[in-house]
Amino acid sequence: MSKQKIPFRNHQFETSLFNQRVIVAFLFMLIALGGLVFNLYHLQVRNHDRYQVRSNRNRIKIIPVAPNRGLIYDRNGVVLAQNIPVSTLELTPAKIDDINATLASLQKLLNLSDHSIAKFKKLMHRTRSTKPITLIEQMSEVQIAKFSVNQFHYNGTNINAYLERYYPYGESLTHVLGYVGKINDRDIRTLKKDNRYTNYEGTHAIGKLGIELYYESTLHGKSGYQKVEINSHGRIVRTLDYVAPIPGKDIKLNIDLGLQLYAYNQLKIKKENPITHKMEDYHRRGSIVVLDPRDDSVLAMVSSPSYDPNLFVHGISSKHYNALLNNPDLPLLNRTTLGIYPPGSTVKPQIAVAALSEKVITPNTTTNFPGWWRIPHSKSRKFRDDIRWGHGEVNVVKAIEKSVDTFFYQVAYDMGIDRLSTWMNKFGYGKPSGIDIREESPANMPTRGWKHTNYHQAWYKGDTIPVGIGQGYWTATPMQIAKATAVIADEGIVHRPHLLKSVMEDGKFKPIIFKDFPQVNHTKKQYWNLAKEGMHRVIMSGTARKLFQNLAYEAGGKTGTSQVFGLDKGEEYNSEEVAEHLRDHALFTSFAPLNKPKVLVATVLENAGWGKYAAPIGRNIMDYVLINPKISLDHT
């Protein structure tokens with residue numbers, strides 16, 4: 001039996017191997033520890049700011065604080081647009097584990113309708129889950145109390161309190177003030193384009209029309225913010241920093257509320273309801289502009305029918321909006337600045353001044369036409385007067401007084417369209433009046449170029465003739481008619497119509513001065529006096545004499561009747577035989593006192609017939625302003 005050799009252990013080698021392994025393990029641990037230290041250094045030192053920001057985003061939140069919107073006052077300090085406290089209930093879906101269960105619970109707790117829940121879900125599908133979505137737009141006190149007691153049950157749900165716009169005088173001032181509405185995607189694009197979006201991040205509403213839109217930057221103010229620490233449920237733990245918003249500036253308008261309401265009621269009549277057969281208030285289609293002709297400040301501006309602007313503050317329902325949109329009386333249309341009508345005979349004083357200035361006629365020029373006029377040396381159609389046998393011997397003053405069409409047919413023919421349009425542009429026709437709201441049409445003062453562009457036809461002599469009495473292709477807005485009349489009243493000075501009177505600065509209302517337009521030059525004072533004398537006689541012995549008896553002051557005025565459609569040769573107009581929407585419009589423009597005017601009224605009644613039917617409104621308003629001691633017409 002062989003013996004196996006057992007080798008002796010080499011302690012020196014094993015010790016050396018062990019030491020090598022220990023060193024390798026130590027180096028490995030050292031490298032790993034170094035990597036860990038390096039990574040900690042990288043995270044805690046080099047990228048500290050980056051991760052600090054990300055960490056803060058999880059626990060620190062910047063909440064924009066919307067400024068209080070500036071108030072709007074009338075000239076006497078009556079609030080026309082105010083702010084009222086409103087509480088909304090908002091849910092952030094990303095912070096709610098079971099949104100359906102939460103909605104069901106809230107519906108039962110707060111007595112919400114199925115429609116409200118369905119509306120929320122529809123909105124939720126169109127909105128990012130991280131953004132708050134409104135469930136209740138205006139909470140009642142009972143709902144606020146119930147939710148506040150049970151709020152700890154609802155993560156990601158909170159009450160948001162803010163101030164909301166309210167218009168206490170409703171539809172009577174809609175087309176002056178306009179309204180604010182919820183900020184939509186189009187508003188956001190515009191704000192971003194103008195680099196103003198950051199100032200609106202905490203704001204719910206923005207000016208949409210009227211004064212609210214035109215003076216948005218003045219009324220809105222500057223947003224502030226608060227830096228708060230929040231917990232894992234998104235609730236505020238403490239406030240770290242607060243920068244107060246700067247409120248919007250209050251503004252005062254030239255509007256006199258009492259006069260505005262009085263003028264608005266002038267367009268109300270009693271009419272039988274065909275369904276109930278009861279007499280009800282009916283708003284006539286038309287508009288009234290009341291100016292102070294010394295500077296064209298707007299004392300009242302009425303468009304009828306109108307609508308309640310408060311419907312748009314929350315966001316009007318499609319049902320209500322479609323009802324307004326499809327209403328044949330067009331309540332959404334601001335007739336004072338967007339309604340366009342042939343100005344009719346209201347322009348005869350301006351045409352008279354233009355013809356006198358161009359030496360087309362003189363103060364002594366007279367005509368005597370047999371009730372009709374025809375283009376000289378032609379067999380064209382006869383342009384007829386309102387009296388078949390004519391007015392006899394007529395000079396420029398009598399032509400205005402009796403509104404003699406044949407006189408102005410001849411004037412228009414002699415002036416030609418080029419001079420006519422140039423002069424009427426000076427009075428403000430064919431271009432925006434400059435009023436401080438954006439909803440305005442320039443209407444149309446026709447020219448040769450305009451006809452060629454729109455009809456691809458040359459301008460004919462026959463096109464000029466109806467322009468001489470404010471018809472044909474000529475259209476104007478009630479505001480333009482008022483402005484042109486003010487030029488006559490102030491003898492050539494062309495003011496800019498304006499609603500704004502003053503802006504709050506340092507605790508006081510600072511008056512705003514609006515720059516006038518270029519004056520109507522090269523016109524003798526005598527010519528202005530002749531035009532004003534003709535307008536004075538309209539009231540004393542002319543077309544409006546029966547409506548201005550026992551007048552307590554001297555005034556000037558001009559009636560106007562504008563045709564809605566043309567008549568064929570030999571056809572006569574009979575208002576009782578045509579549909580209501582085809583009847584003539586009634587216009588009347590006036591100012592008083594005659595030589596130092598303080599008030600000017602321009603009225604348009606749609607499809608009301610002769611211009612004299614609009615005259616009583618002009619008188620009523622002038623009486624209200626000049627005889628009523630409550631009206632203040634100061635310029636401070």
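Which residue follows α19 with a positive phi? You will find that residue in the first of these close-up views, which are drawn from a predicted model.

**View 1. Helix α19 and the residue that comes after it.**
Helix α19 covers residues 478-489. The answer to the opening question is E491, whose phi is positive, near 55 degrees. Of the 12 residues in α19, 12 are buried, which means that the helix is largely enclosed by the rest of the structure. Among these buried residues are P478, M479, I481 and V487. Look also for Q480, K483 and T485, which are buried as well.

**View 2. A salt bridge between R285 and D329.**
Searching the whole structure turns up 20 salt bridges. One of them joins R285 to D329, with the closest N and O atoms 3.3 Å apart. R285 sits in the loop between β14 (279-283) and β15 (286-292), while D329 sits in the loop between α12 (318-325) and α13 (335-338), so this pair ties together parts that are 44 residues apart in sequence. R285 and D329 are both buried.

**View 3. R285 again, now with E606.**
E606 also forms a salt bridge with R285, and here the closest N and O atoms are 3.4 Å apart. This pair links distant parts of the chain, 321 residues apart: E606 is in the loop between β23 (599-605) and α21 (615-627), and R285 is in the loop between β14 and β15. Like R285, E606 is buried.

**View 4. R294 and D292 side by side in a salt bridge.**
In this view, the side chains of R294 and D292 meet at 2.9 Å, N to O. Elsewhere, salt bridges that share partners join R69, R165, E212 and E216 into one network.

**View 5. N184 at the start of helix α7.**
N184 lies in the loop between β6 (179-182) and α7. At the start of α7 (residues 185-193), a side-chain oxygen of N184 reaches to within 3.1 Å of the backbone nitrogen of R186. The side chain of N184 also reaches the backbone nitrogen of D187, at 2.8 Å. With a relative accessible area of 30%, N184 is partly exposed. After α7 comes N195, whose phi is positive, near 60 degrees.

What does the side chain of N199 make a polar contact with? The partner is the side chain of H220, at 3.4 Å. Leaving aside neighbours within four places in sequence, N199 is in contact with H220, G221, K222 and S223. N199 and S223 are 24 residues apart in sequence, yet their C-alpha atoms are 5.4 Å apart in space. At 21% relative accessibility, N199 counts as partly exposed.

**View 6. D256 as the cap of helix α10.**
D256 caps the N-terminal end of α10, where a side-chain oxygen lies 3.1 Å from the backbone nitrogen of G258. Helix α10 covers residues 257-266, and its buried residues are L257, L259, Q260, A263, Y264 and Q266.

**View 7. K451, a lysine in helix α17.**
Helix α17 covers residues 448-455. At 2% relative accessibility, K451 counts as buried. Leaving aside neighbours within four places in sequence, K451 is in contact with residues including W459, Y460, D463 and Y473.

**View 8. A nonpolar patch on the surface.**
I23, F26, L27, L30 and I31 form this patch, and together they have about 520 Å² of accessible area. F26 is placed in helix α1 (residues 11-46).

Key:
Residues numbered from 1 in each chain as written. Predicted model: local features only at pLDDT ≥ 70, side-chain atom pairs only at ≥ 80, totals over all residues. Heavy atoms only, no water. Patch = residues over 30% accessible without salt bridge, like charges linked within 9 Å, V, L, I, M, F, W, Y side chains within 5 Å. Areas by Shrake-Rupley, 256 points an atom, 1.4 Å probe, with all protein chains shown as cover. Salt bridge = Lys/Arg side-chain N within 4 Å of Asp/Glu carboxyl O. Helix = DSSP H or I, 4+ residues; strand = E, 2+ residues; numbered from the N terminus. Polar contact = N/O pair within 3.5 Å; in protein donor to acceptor, adjacent residues only side chain to side chain. Expected span 1.5 Å × (residues − 1). Buried < 20%, exposed > 50% of the residue type's maximum accessible area, 1.4 Å probe, protein only. Contact = heavy atoms within 4.5 Å.
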